[in-house]
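Subject: Structure for your review

Dear colleague,

Please find below the structure that I am handing over to you. My notes on its helix packing and its pockets follow.

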Amino acid sequence: MTLQPSAVAKAKDRPDFMVFNEIAIIAQLAENRLERSLPDGMSAAQFGLLNHFSRRGGQESPAQLASAFQVTKGAMTNTVQKLEARGLIRVVPHGQDGRRKLVSITPEGVIAHGQAILALRPYFASLREAFTDQEFETALPFLRAMRAWLDDNR
(Lines give C-alpha, C1' and ligand atoms only; values in the text may rest on other atoms or scores of the structure.)
Protein backbone atom coordinates (compact mmCIF):
# COMPACT_ATOMS: atom_id res chain seq x y z
CA MET A 1 0.00 0.00 0.00
CA THR A 2 1.42 3.34 -1.02
CA LEU A 3 0.91 6.24 1.34
CA GLN A 4 -0.54 9.20 -0.50
CA PRO A 5 0.22 12.48 1.32
CA SER A 6 -2.91 14.07 -0.13
CA ALA A 7 -5.05 11.23 1.24
CA VAL A 8 -3.53 11.71 4.72
CA ALA A 9 -4.10 15.46 4.58
CA LYS A 10 -7.68 14.88 3.46
CA ALA A 11 -8.31 12.35 6.26
CA LYS A 12 -6.85 14.72 8.89
CA ASP A 13 -9.23 17.47 7.77
CA ARG A 14 -12.37 15.36 8.18
CA PRO A 15 -14.61 16.45 11.07
CA ASP A 16 -14.76 12.94 12.54
CA PHE A 17 -10.95 12.76 12.76
CA MET A 18 -10.72 16.29 14.14
CA VAL A 19 -13.31 15.50 16.86
CA PHE A 20 -11.38 12.38 17.91
CA ASN A 21 -8.14 14.35 17.89
CA GLU A 22 -9.67 17.05 20.12
CA ILE A 23 -11.10 14.44 22.49
CA ALA A 24 -7.70 12.74 22.77
CA ILE A 25 -5.97 16.02 23.57
CA ILE A 26 -8.70 16.97 26.07
CA ALA A 27 -8.41 13.54 27.72
CA GLN A 28 -4.63 13.90 28.09
CA LEU A 29 -4.87 17.43 29.51
CA ALA A 30 -7.74 16.50 31.83
CA GLU A 31 -5.99 13.39 33.18
CA ASN A 32 -2.80 15.35 33.82
CA ARG A 33 -4.72 18.06 35.66
CA LEU A 34 -6.80 15.49 37.52
CA GLU A 35 -3.72 13.70 38.83
CA ARG A 36 -2.14 16.98 39.96
CA SER A 37 -5.31 17.87 41.85
CA LEU A 38 -6.07 14.54 43.52
CA PRO A 39 -5.21 14.12 47.21
CA ASP A 40 -2.67 11.74 48.72
CA GLY A 41 -0.99 10.72 45.48
CA MET A 42 -4.18 9.10 44.18
CA SER A 43 -3.88 8.22 40.50
CA ALA A 44 -6.49 8.92 37.86
CA ALA A 45 -7.06 5.15 37.56
CA GLN A 46 -7.68 4.87 41.31
CA PHE A 47 -10.02 7.86 41.26
CA GLY A 48 -11.83 6.35 38.28
CA LEU A 49 -12.45 3.13 40.16
CA LEU A 50 -13.71 4.97 43.26
CA ASN A 51 -15.88 7.13 41.02
CA HIS A 52 -17.27 4.00 39.33
CA PHE A 53 -18.32 2.46 42.64
CA SER A 54 -19.58 5.79 44.01
CA ARG A 55 -21.91 6.05 41.02
CA ARG A 56 -22.98 2.42 40.74
CA GLY A 57 -22.44 0.85 44.17
CA GLY A 58 -22.58 -2.91 44.39
CA GLN A 59 -19.86 -5.46 43.79
CA GLU A 60 -18.01 -6.42 40.64
CA SER A 61 -15.28 -8.89 39.81
CA PRO A 62 -11.86 -7.65 38.71
CA ALA A 63 -12.60 -9.09 35.26
CA GLN A 64 -15.85 -7.11 35.03
CA LEU A 65 -14.02 -3.96 36.11
CA ALA A 66 -11.23 -4.54 33.58
CA SER A 67 -13.84 -4.89 30.85
CA ALA A 68 -15.72 -1.77 31.97
CA PHE A 69 -12.51 0.29 32.01
CA GLN A 70 -11.09 -1.31 28.87
CA VAL A 71 -7.82 -2.28 30.60
CA THR A 72 -6.08 -5.60 31.13
CA LYS A 73 -6.91 -7.75 34.15
CA GLY A 74 -3.35 -7.15 35.33
CA ALA A 75 -3.75 -3.38 35.21
CA MET A 76 -7.05 -3.60 37.08
CA THR A 77 -5.58 -5.99 39.65
CA ASN A 78 -2.79 -3.47 40.28
CA THR A 79 -5.28 -0.63 40.81
CA VAL A 80 -7.48 -2.80 43.03
CA GLN A 81 -4.51 -3.90 45.15
CA LYS A 82 -3.36 -0.32 45.71
CA LEU A 83 -6.82 0.82 46.76
CA GLU A 84 -7.33 -2.24 48.94
CA ALA A 85 -4.01 -1.58 50.70
CA ARG A 86 -5.30 1.90 51.55
CA GLY A 87 -8.60 0.50 52.82
CA LEU A 88 -10.60 2.28 50.13
CA ILE A 89 -12.05 -0.83 48.55
CA ARG A 90 -12.81 -4.30 49.83
CA VAL A 91 -12.02 -7.55 48.03
CA VAL A 92 -13.90 -10.63 49.18
CA PRO A 93 -14.22 -14.17 47.84
CA HIS A 94 -17.14 -14.80 45.51
CA GLY A 95 -19.89 -16.60 47.43
CA GLN A 96 -20.35 -19.38 44.88
CA ASP A 97 -16.91 -19.61 43.24
CA GLY A 98 -14.01 -19.45 45.67
CA ARG A 99 -11.54 -18.79 42.86
CA ARG A 100 -13.22 -15.49 41.97
CA LYS A 101 -13.21 -12.25 43.91
CA LEU A 102 -15.69 -9.41 44.29
CA VAL A 103 -14.69 -5.78 44.72
CA SER A 104 -16.69 -3.02 46.41
CA ILE A 105 -16.05 0.42 47.86
CA THR A 106 -15.61 0.87 51.62
CA PRO A 107 -16.96 3.76 53.71
CA GLU A 108 -13.38 5.10 53.73
CA GLY A 109 -13.39 4.89 49.93
CA VAL A 110 -16.58 6.94 49.78
CA ILE A 111 -14.89 9.57 51.98
CA ALA A 112 -11.72 9.53 49.84
CA HIS A 113 -13.84 9.93 46.70
CA GLY A 114 -15.59 12.91 48.28
CA GLN A 115 -12.25 14.45 49.25
CA ALA A 116 -11.02 13.99 45.68
CA ILE A 117 -14.15 15.70 44.33
CA LEU A 118 -13.60 18.61 46.74
CA ALA A 119 -9.93 18.85 45.71
CA LEU A 120 -11.07 19.25 42.09
CA ARG A 121 -13.51 22.08 42.87
CA PRO A 122 -11.09 24.97 42.27
CA TYR A 123 -10.16 23.61 38.86
CA PHE A 124 -13.77 23.05 37.87
CA ALA A 125 -14.68 26.51 39.15
CA SER A 126 -12.15 28.07 36.76
CA LEU A 127 -13.38 25.81 33.95
CA ARG A 128 -16.97 26.90 34.59
CA GLU A 129 -15.91 30.54 34.44
CA ALA A 130 -14.41 29.96 30.99
CA PHE A 131 -17.62 28.54 29.47
CA THR A 132 -21.34 29.09 29.90
CA ASP A 133 -23.81 26.51 31.18
CA GLN A 134 -25.36 26.61 27.72
CA GLU A 135 -22.05 25.59 26.10
CA PHE A 136 -21.71 22.64 28.47
CA GLU A 137 -25.36 21.64 27.95
CA THR A 138 -25.04 21.90 24.17
CA ALA A 139 -22.00 19.59 24.13
CA LEU A 140 -23.52 16.88 26.33
CA PRO A 141 -25.99 15.21 23.93
CA PHE A 142 -23.35 14.71 21.25
CA LEU A 143 -20.74 13.48 23.74
CA ARG A 144 -23.20 11.08 25.37
CA ALA A 145 -24.31 9.72 22.00
CA MET A 146 -20.70 9.25 20.90
CA ARG A 147 -19.83 7.50 24.16
CA ALA A 148 -22.83 5.18 23.79
CA TRP A 149 -21.91 4.38 20.18
CA LEU A 150 -18.29 3.67 21.12
CA ASP A 151 -19.43 1.50 24.04
CA ASP A 152 -21.79 -0.46 21.80
CA ASN A 153 -19.07 -0.90 19.15
CA ARG A 154 -16.14 -1.99 21.29
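At what angle do H2 and H7 pack, and how far apart are their axes? The model is predicted, and in it the two helices pack at an angle of about 95°, with their axes 13 Å apart. An angle from 65 to 115 degrees counts as roughly perpendicular, and H2 and H7 are therefore roughly perpendicular to each other. On the H2 side the contact involves Val19, Phe20 and Ile23, which meet Phe142, Met146 and Leu150 of H7. By class, this contact of H2 with H7 has six nonpolar residues, no polar and no charged.

Two further helix pairs involve H3.

Helix H3 covers residues 44–56 and helix H5 covers residues 73–85; their axes come within 10 Å and cross at roughly 80°. H3 and H5 are therefore roughly perpendicular to each other. H3 brings Ala45, Gln46, Leu49 and Leu50 to this contact, while H5 brings Met76, Thr79, Val80, Lys82 and Leu83. The residues of the contact of H3 with H5 comprise six nonpolar, two polar and one charged.

The other pair is H3 with H6. Here too a crossing is found: the axes of H3 and H6 come within 10 Å, at an angle of roughly 115°. H3 and H6 are therefore roughly perpendicular to each other. The crossing in which H3 passes H6 is left-handed. From H3, the residues Phe47, Leu50, Asn51 and Ser54 meet Gly109, Ala112, His113, Ala116, Ile117 and Leu120 of H6. Six nonpolar and four polar residues make up the contact of H3 with H6, with no charged residue.

I turn now to the pockets.

How much space lies in the largest pocket? Its volume is about 2400 Å³. The lining of the largest pocket consists of 45 residues, and Ile23, Ile26, Ala27, Ala30 and Arg147 are those that lie nearest its centre. Ile23 is also one of the H2 residues that meet H7. At least two lining residues come from each of helix H2 (15–37), H3, helix H4 (62–69), H5, helix H6 (107–130) and helix H7 (133–152). H2 gives the most to this lining, with twelve residues. By class, the lining of the largest pocket divides into 29 nonpolar, six polar and ten charged residues.

The second largest pocket has a volume of about 220 Å³. Which residues line the second largest pocket? They are Ser61, Pro62, Ala63, Lys73, Thr77, Val80, Gln81, Glu84, Val91, Arg99, Arg100 and Lys101. H4 and H5 each supply at least two residues of this lining, and H5 gives the most, with five. The lining of the second largest pocket has four nonpolar, three polar and five charged residues.

With kind regards

Conventions
Residues numbered from 1 in each chain as written. Predicted model: local features only at pLDDT ≥ 70, side-chain atom pairs only at ≥ 80, totals over all residues. Heavy atoms only, no water. Axes fitted to C-alpha atoms, helices over the stretch in contact; angles between N-to-C directions. Helix = DSSP H or I, 4+ residues; strand = E, 2+ residues; numbered from the N terminus. Parallel < 35°, antiparallel > 145°, perpendicular 65-115°, else oblique. Contact = heavy atoms within 4.5 Å. Nonpolar A, V, L, I, M, F, W, Y, C, P; charged D, E, K, R; others polar. 1 Å grid on protein atoms, 1.4 Å probe; cavity = no way out; pocket = protein on both sides within 12 Å on 5 of 7 lines; lining within 4 Å. Points joined across faces, edges and corners; volume = space filled by probe spheres on them. Left-handed = near helix turned anticlockwise from the far one by under 90°.
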